[in-house]
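Student: Please show me the sequence and the structure. I would like to work through them by question and answer.

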Amino acid sequence: MALKSKVGFIGFGRMGSALVHGALSSNVLKVDQITAFDVDLVARQKIKKQRLTLAKSAVEVVQSSDLIFLCVKPQQMGDLVKSLGAALKKKGEKKCFASIAAGISLKDLEKSLGVGVPVLRVMPNTPALIGAGMSVFCLGRSATEKHKADVETILKSVGEAALVSEDKMDAVTAVSGSGPAYGFYLAEAMIEAGVELGLSEELAERLVRQTLYGAGLMLKKSDETAKNLRLHVTSPGGTTAAAVAEFENKGFKTIVSAALYSAAERSKELSQGN
Ligand SMILES: NC(=O)c1ccc[n+]([C@@H]2O[C@H](COP(=O)([O-])OP(=O)(O)OC[C@H]3O[C@@H](n4cnc5c(N)ncnc54)[C@H](OP(=O)(O)O)[C@@H]3O)[C@@H](O)[C@H]2O)c1
């Protein structure tokens, strides 16, 4: 679905540029609808190269857009939203803002940008960079159905999108936000074990990459639960059963659960400024 809104991007690093790439390649946005700004020279050159409108400042992005994605690092967000809030107050404008920064709450965004300013908070994940992301988002008090629909459409151009209430954002961060790293960690462990079993590193890496890719694709495409998919390839007394028994003995699920609790707890601390 093509959007009519003018969309701005403040911060054109990995995630900002990935969202623009997704929106352009799926025809959700056209280049002349997009204005972007980044403090970094190389990122500004990327904006120009893609024939987007390069703004002279973050405030200029806000002036020329209806919906503005804030794609800077969490530690850069405080100063940015305060300066935008001050500029908005002068003009009395109410543009919509979608922040993708981890740990910055809707309340903090609303406080800095101004009372009644529509805001959304998004937690994307790294596979968005290859169009296979899982983004979860929540709505501020003044965000409308149209804001929700526009943001959801842009997020879907880089993968899937799910709407939740903000109290779920720490859990979401622990599951899908940090989740890709758990997959990479499992890959790392499998490669190391493959080498210990006598495979060359090159072969172990090749086997693991394609195996986890295939398993991920089956998880995505199949209507079966993850548990059933596993049971289908676990014959009693077989090799997979031997491996799974060892996972169970060593408390694999307990470890995963504890790890995700830690991630959720850390997310909560970060959003409280600790
Ligand atoms: N990458 C991921 O997988 C991922 C996953 C989930 C969430 N996120 C969130 O996405 C956000 C962006 O991450 P990223 O990986 O895209 O970061 P990034 O590659 O560092 O991009 C951020 C860009 O914004 C620029 N910038 C900083 N302050 C600015 C300002 N005031 N105005 C305009 N541009 C400014 C930075 O320039 P300098 O480098 O010069 O500071 C940089 O070019 C983060 O808040 C992160 O929490 C990312």
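Student: Which domains does the domain assignment of the protein chain give?
Tutor: This is a predicted model, where local features need pLDDT of at least 70 and side-chain atom pairs count only at pLDDT 80 or more, while totals for chains, interfaces and linings use all residues. Residues are numbered from 1 along each chain as its sequence is written. Domain bounds come from an automatic or database domain assignment. For this chain the assignment gives domain 1 (7-169) and domain 2 (177-271).

Student: How many residues of domain 1 are in contact with domain 2?
Tutor: Two residues are in contact if their C-beta atoms, placed from the backbone, lie within 7 Å. On the side of domain 2, six residues take part. On the side of domain 1, the number is eight.

Student: Are the residues of strand S1 buried or exposed?
Tutor: Strands are DSSP runs (E, at least two residues), numbered from the N terminus. A residue is buried if 20 or more other C-beta atoms lie within 10 Å of its own, exposed if 12 or fewer, and partly exposed in between, with C-beta atoms placed from the backbone. In S1 (residues 7-10), Val7 and Phe9 point one way, Gly8 and Ile10 the other way, and all are buried.

Student: In S2, what is the bridge partner of phenylalanine 9?
Tutor: Two strands pair if DSSP finds at least two bridges between them. S1 and S2 (residues 34-37) run parallel and are joined by four bridges. In S2, the partner of phenylalanine 9 is alanine 36.
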